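The sequence and model come first.

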Amino acid sequence: MKKTITGISFVFVMLLTLGLQAQNIKLPSPDFSKDMLSALNPGSDLGLSSDVKSKVDNEIKSFVNDVVGIMGSSDDDETKKLKINNRKKERDGILGSAFGSDNALKSYKKDLEKQLKPFKRKYKMASWIF
């Protein structure tokens, strides 16, 4: 009986260890970019001017392209995390200055959470990146 419990415990620990090691940073699928661009796109509900909308659209495209490039690079995971975090900070600053109003930015972030919810389940990296 003790051998059976020990054996089952050993197998459980091995499976848990394999699951933890699988958390490396790589591109989830070819549809990742397209899905993220559609989710990050500010809708017309925010009432943004065409100039602000074009700045936000350009930043979103640049951000997604940069993140995909970082995730697909040959850097180690720690370097990728550092680069992605730096790019997130840069994106937040650019979006903050583009929106200008805190209310518009808050509305965008609230809408963004709703849009990203299904993708956070589909792409585990989306929950970490956004």
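Which helices each supply at least two residues of the lining of the second largest pocket? I found helix H3 (50-71), helix H4 (77-99) and helix H5 (102-122). The model is predicted, with local features needing pLDDT of at least 70 and side-chain atom pairs pLDDT 80 or more, while totals for chains, interfaces and linings use all residues. Residues are numbered from 1 along each chain as its sequence is written, and side-chain values use heavy atoms, without hydrogens and water. Helices are DSSP runs (H or I, at least four residues), numbered from the N terminus.

Entry: pocket. I noted 13 lining residues, with Arg91, Asp92, Tyr108, Lys109 and Leu112 nearest the centre. H5 gives the most, six residues. A pocket here is an open set of points on a 1 Å grid over the protein atoms alone where a 1.4 Å probe fits, with protein on both sides within 12 Å along at least five of seven lines; lining residues have an atom within 4 Å of a point.

Entry: helix pair. I read an angle of about 180° between H3 and H4, with axes 10 Å apart. That makes H3 roughly antiparallel to H4 (angle over 145 degrees). The axes are lines fitted to C-alpha atoms over the stretch in contact, and angles run from 0 to 180 degrees between N-to-C directions.

Entry: Tyr108. This residue of H5 is buried at 5% relative accessible area (buried is under 20%, 1.4 Å probe, protein chains only). Beyond four places in sequence, Tyr108 touches Leu40, Pro42, Leu46, Ile60, Leu95 and Phe99 (heavy atoms within 4.5 Å).

Note on methods:
Parallel < 35°, antiparallel > 145°, perpendicular 65-115°, else oblique. Buried < 20%, exposed > 50% of the residue type's maximum accessible area, 1.4 Å probe, protein only.
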